[in-house]
Amino acid sequence: MAISFPSTEYFEALKAQMAANEEKFRRLGFIDTTFGVSVGINGKARNFVLEFEVFDLKNVSEVPAIDLKKVDFQIKGDSQVWREMIENIRRNGEADSAHDINTLAHFGERLKVVYDDPDGHDKLYRFMESIQEFFDLSSKLEVSFN
Amino acid sequence: MAYLSTTNFTEDKDFIDKWLYTIRTGEMDLSWMKAATEKISPEEANPRRGLTYRDLNLGTYGYTDIPEKVRNNRSYAPRGAEIPEGVPDAQPWVSRKSELWAFNTESYYEEAVSRQWNATTDIPWGRLDGVELPEVTGKALSQLMTFLTEVEMIATDTPAMWLPRLNPDFIEVRAFIASQAMDEARHAEVFRKRALTTGWGLMQASPINEMALKHLRDADSFSEMSVALHLVAEGNVLTLFRFSEYLSPTDVDKKIFRLVMQDEARHVGYGMQHFKYVLGHFPEKREVLHAHLDEAENISFAGAAATELTEAFIILAGGGLKKENIEQGIRITTQFNLKQMQEHFERLDKCGMPERRERSKLYVMYEMGRAAAENAGIKL
């Protein structure tokens with residue numbers, strides 16, 4: 001059955017995939033960061049907080065708003081951009097060179113990275129490959145878009 | 001031979017007699033078993049992570065209670081060991097905690113070890129088979145890789161040359177600095193390999209950047225080295241790696257830049273935490289660090305604007321040498337240059353040096369560049 005995006009179930013499914021691919025994520029190393037994902041839909045947003053610890057996604061929660069003081073950084077963007085990214089990953093098995101997180105967010109034109117503390121912001125790049133591989137696990141999911 | 005033993009043991013009759021006596025009789029001294037040291041029972045705080053340096057932060061073996069000025073150990077005795085008479089003075093330059101400590105130092109090291117990667121086997125080099133970039137793009141990419149190999153060779157030397165100068169009581173910082181030298185050696189390796197797989201070989205070395213990089217080696221103190229290397233240089237290079245990933249012409253290049261940016265961001269993280277620590281615990285250093293930043297920012301500005309680097313970026317960003325390519329390349333490269341400067345001042349603000357903007361000539365350049373970009377219709 002297809003998993004709806006955006007939803008807690010989508011991130012929980014990625015969490016399960018991460019656990020199933022433990023060897024790969026162990027090889028990539030510790031990932032210790034908490035960040036927000038915000039998906040804009042018709043002028044509103046659905047917001048999720050993802051807490052990573054050691055090699056795992058420890059917790060996912062949907063929140064009314066993301067407090068930048070409680071996360072390292074937040075990746076926000078319109079649902080169409082997220083959809084394009086996920087569909088691209090599903091088509092290629094991984095994000096192609098136009099759809100990886102850094103490319104989409106670099107100048108903030110498509111996705112935007114916001115933060116309160118530059119040290120927290122830099123954690124996106126400290127754990128970049130793990131975060132990219134995490135989103136690339138979308139290739140293993142059937143995803144539907146509201 | 002700069003250091004000679006105080007005794008010629010191979011000609012010391014008492015020493016040789018004792019050695020032979022032990023062989024002959026089996027009579028043992030065993031006084032070392034009575035070392036007056038602490039017995040502890042370290043445990044993994046998180047078994048998924050394993051036994052970390054933080055788990056060893058206990059009693060006399062821990063780092064929490066290291067004094068600001070380490071006076072009782074100038075040898076290679078590990079922190080917490082009994083130090084008998086006769087250990088030589090290793091003459092460490094840095095024995096003051098605030099001159100090198102950083103919040104979470106031990107975690108940066110554990111992260112570094114856990115996130116090591118291999119430039120030979122973790123990069124899908126095979127995907128370059130059959131990839132032929134247009135000549136200008138290939139040469140621009142090779143020029144970027146040539147420049148980055150130069151950068152990383154100096155970035156390897158700089159932390160490595162400070163290692164023997166750090167008091168061994170700061171074993172966690174020493175371990176982190178050693179891991180950084182390894183990271184930088186791997187970066188030099190991966191950039192050289194990529195330059196030589198472009199099909200164009202290496203391009204040209206960069207005099208301005210070598211001048212800028214040489215400054216990193218010539219700091220008078222570890223904190224000055226750290227602010228110049230970890231905050232200014234690596235902060236700029238982290239932004240540059242993200243930009244390079246964005247511009248990368250192949251997914252192999254994207255993978256390379258995603259992996260190197262992880263290491264670079266970790267070094268910047270240590271640098272930020274050390275900068276906060278030294279400003280908070282050694283306030284007299286603030287003016288010294290301002291003075292060092294004056295010079296570090298001056299040459300960083302010159303390096304970032306070096307023709308051989310800027311032109312390579314303009315070509316990669318614009319996609320060629322036609323007028324419209326160059327216009328686009330200049331627009332994107334200018335955005336990147338200004339972003340580098342903006343992020344530099346954001347980090348200094350957060351570390352507790354917000355007054356830097358008032359004093360810094362680089363900040364004047366940033367405002368000048370920003371105004372020029374806006375006048376040229378470049379959206380920031």
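Two residues count as being in contact if their C-beta atoms, placed from the backbone, lie within 7 Å. Everything below comes from a predicted model, where local features need pLDDT of at least 70, side-chain atom pairs count only at pLDDT 80 or more, and totals for chains, interfaces and linings use all residues. Residues are numbered from 1 along each chain as its sequence is written, while chains are lettered from A and ligands numbered from 1 in the order in which they are written.

**View 1. Where chain A meets chain B.** The contact draws 21 residues from chain A and 28 residues from chain B. On the chain A side, helices H4 (101–105), H5 (118–126) and H6 (128–136) each put in at least two residues. H5(A) gives the largest share, 5 residues. Sorted by type, the chain A side has 9 nonpolar, 6 polar and 6 charged residues. Here Ala, Val, Leu, Ile, Met, Phe, Trp, Tyr, Cys and Pro count as nonpolar, Asp, Glu, Lys and Arg as charged, and the others, Gly among them, as polar. Helices (H or I, at least four residues) and strands (E, at least two) are DSSP runs, numbered from the N terminus.

**View 2. Chain B as a whole.** Chain B has 12 helices and 0 strands. Its C-alpha atoms fill a box of roughly 90 × 50 × 45 Å, taken along the principal axes. Take the chain B contacts with a separation of 6 or more: residues 24 or more positions apart account for 76% of them.

**View 3. The largest nonpolar core.** Such a core is a set of buried Ala, Val, Leu, Ile, Met, Phe, Trp, Tyr and Cys residues joined through C-beta atoms within 7 Å. This one holds 113 residues, and Leu14(A), Leu144(B), Val227(B), Ala228(B), Met261(B) and Leu316(B) touch the most other members. Helix H6 (residues 222–247) of chain B brings the largest share, 15 residues. Setting aside neighbours within four places in sequence, Leu14(A) is in contact with Leu57(A), Phe134(A), Leu137(A) and Ser138(A).

**View 4. H3(B) against H9(B).** The axes of H3 (residues 135–162) and H9 (residues 307–318) of chain B come within 9 Å and cross at roughly 140 degrees. Axes are lines fitted to C-alpha atoms, for helices over the stretch in contact, and angles run from 0 to 180 degrees between N-to-C directions. From H3(B), the residues that meet H9(B) include Leu144(B) and Phe147(B), and among their partners in H9(B) are Ile315(B) and Leu316(B). The residues of this contact split into 9 nonpolar, 2 polar and 1 charged.

**View 5. H10(B), H12(B) and Asn337(B).** The axes of H10 (residues 323–351) and H12 (residues 361–375) of chain B come within 10 Å, crossing at roughly 145 degrees. Among the residues making the contact are Asn337(B) and Met341(B) of H10(B), and Tyr366(B) and Gly369(B) of H12(B). By type, the contact residues are 7 nonpolar, 4 polar and 1 charged. Asn337(B) is buried, with 23 other C-beta atoms within 10 Å. Not counting residues up to four places away in sequence, Asn337(B) touches Ala304(B) and Gly369(B). The C-alpha atoms of Asn337(B) and Ala304(B) are separated by 7.5 Å, with the two residues 33 residues apart along the chain.

Note on methods:
Buried ≥ 20, exposed ≤ 12 C-beta atoms within 10 Å, placed from the backbone.
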